[in-house]
Amino acid sequence: MTHVVPDAAAQEAAAGIYRIALGVEYKGSRYRGFQRQIKGVPSIQEALEKALGRVAGGAPVVLSCAGRTDAMVHASGQVVHFDTPVARSEHTWIMGANANLPNDISVTWAKAMPRHFDARFSAMARRYRYVIYNDPIRPAHLAEEVTWNHRPLDIQRMREAARCLVGTHDFSAFRARQCQAKSPVKTVHHLELIEHGRMIVLDIRANAFLHHMVRNISGVLMTIGAGERPEEWAQQVLEGRIRREGGVTAHPYGLYLVRVEYPEEFELPQRYLGPHFLSGLPDSMG
């Protein structure tokens with residue numbers, strides 16, 4: 001195999017340790033989340049580490065990720081990193097991993113990084129899309145990749161309700177009980193609802209997210225869109241800071257981690273925003 005070491009990682013290469021970052025996409029339907037689980041419970045991390053270990057000639061690989069997505073949640077823009085004493089070209093990491101991965105996980109790019117890069121802690125922002133299929137009949141296709149809502153949803157009501165969630169707020173009412181974040185205060189930079197055929201796409205970007213935050217926001221907005229609550233309810237839930245007042249947590253199927261943002265110094269590759277079936281959707285943020 002070709003041994004190629006980019007200039008950005010020259011110091012690490014000289015020391016015999018390489019830090020490699022990867023872009024990863026996956027369909028999370030049959031996994032219990034990204035994080036490695038107990039033996040016999042499938043996870044994205046376990047599948048990736050096993051495949052990368054084979055590319056590394058049997059050397060163990062331990063991954064760190066930008067976002068530990070939950071069970072049945074998907075990603076088109078996940079970022080991970082690992083350290084290895086094994087030199088491989090970026091092309092070899094990509095193609096070798098994909099040759100050993102199941103069909104619902106793909107490595108999209110690879111890059112050698114300096115030691116101070118961390119997939120989780122170097123991230124400045126994360127972006128998710130929640131995809132709602134709005135039709136009286138449940139879809140036979142994409143059934144585990146979109147959330148079906150049979151009630152007619154008024155997207156204008158949803159947009160008006162969502163306005164209050166942009167900015168820096170205490171999102172206690174939108175966090176799961178088991179959330180381990182030190183603070184419920186997060187900054188939502190961008191929250192839009194976009195029509196795409198029979199789909200409604202909730203597109204949200206923030207500095208960080210609480211456990212189930214996007215799914216809880218989606219649940220509130222769908223309830224308002226269906227006319228079951230007034231538009232002001234989103235503001236009331238936010239200000240109340242009580243999770244049980246925020247309704248039902250939306251299903252995981254429609255949730256995608258679509259992008260993780262890092263300082264420009266790292267020059268990480270950027271692909272189009274996913275998921276694939278939304279590849280023609282304009283990126284309203286430019």
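Before anything else, I wrote down the cut-off I needed: a residue is called buried when its relative accessible area is under 20%. I also reminded myself that this is a predicted model.

**Entry 1: asparagine 134**

I started with asparagine 134, which lies in strand E5. Is asparagine 134 buried or exposed? Its relative accessibility is 15%, and because buried means under 20%, asparagine 134 counts as buried.

Next I checked where its side chain goes. I found the side chain of asparagine 134 at 2.6 Å from the backbone oxygen of arginine 151. The side chain of asparagine 134 also reaches the backbone nitrogen of leucine 153, here at 3.0 Å. Leaving out residues up to four places away in sequence, I listed what asparagine 134 touches: Asn149, His150, Arg151, Pro152, Leu153, Arg198 and Ile200. Both backbone partners, Arg151 and Leu153, are on that list.

**Entry 2: tyrosine 128**

I stayed in strand E5, residues 125-134, and moved to tyrosine 128. UniProt, in an unreviewed entry, places the feature "binding site" at Tyr128. I looked up its accessibility and got a relative area of 11%, so tyrosine 128 is buried.

Which residues is tyrosine 128 in contact with, leaving aside neighbours within four places in sequence? I noted Leu202, Asp203, Ile204, Phe209 and Val214 among them. The rest of my list for tyrosine 128 reads Leu255, Tyr256, Leu257 and Val258.

**Entry 3: threonine 147**

Then I went to strand E6, residues 147-149, where threonine 147 sits. I found a relative accessible area of 3% for threonine 147, which means that this residue is buried too.

A polar atom of the threonine 147 side chain lies 3.2 Å from the backbone nitrogen of glycine 254. Not counting residues up to four places away in sequence, threonine 147 touches Tyr130, Val131, Ile132 and Tyr133, and also His251, Tyr253 and Gly254.

**Entry 4: the annotated domain**

Last, I turned to the record. The unreviewed UniProt entry carries the annotation "domain: Pseudouridine synthase I TruA alpha/beta", covering residues 25-121 and 161-263.

I looked at each span in turn. Residues 25-121 are 24% helix and 25% strand, with the end C-alpha atoms 20 Å apart. For residues 161-263 I noted 22% helix and 30% strand, and here the end C-alpha atoms are 32 Å apart.

Notes:
Residues are numbered from 1 along each chain as its sequence is written. This is a predicted model: local features need pLDDT of at least 70, side-chain atom pairs count only at pLDDT 80 or more; totals for chains, interfaces and linings use all residues. Side-chain values use heavy atoms; hydrogens and water are left out. UniProt positions are given in the numbering used here, feature names are shortened, and annotations may be inferred rather than shown by experiment. Helices (H or I, at least four residues) and strands (E, at least two) are DSSP runs, numbered from the N terminus. Buried means under 20% relative accessible area, exposed over 50%, partly exposed in between (1.4 Å probe, protein chains only). Contact means heavy atoms within 4.5 Å. A polar contact is a pair of N or O atoms within 3.5 Å; within protein, one must be able to donate a hydrogen and the other to accept it, and residues adjacent in sequence count only if both atoms are side-chain atoms.
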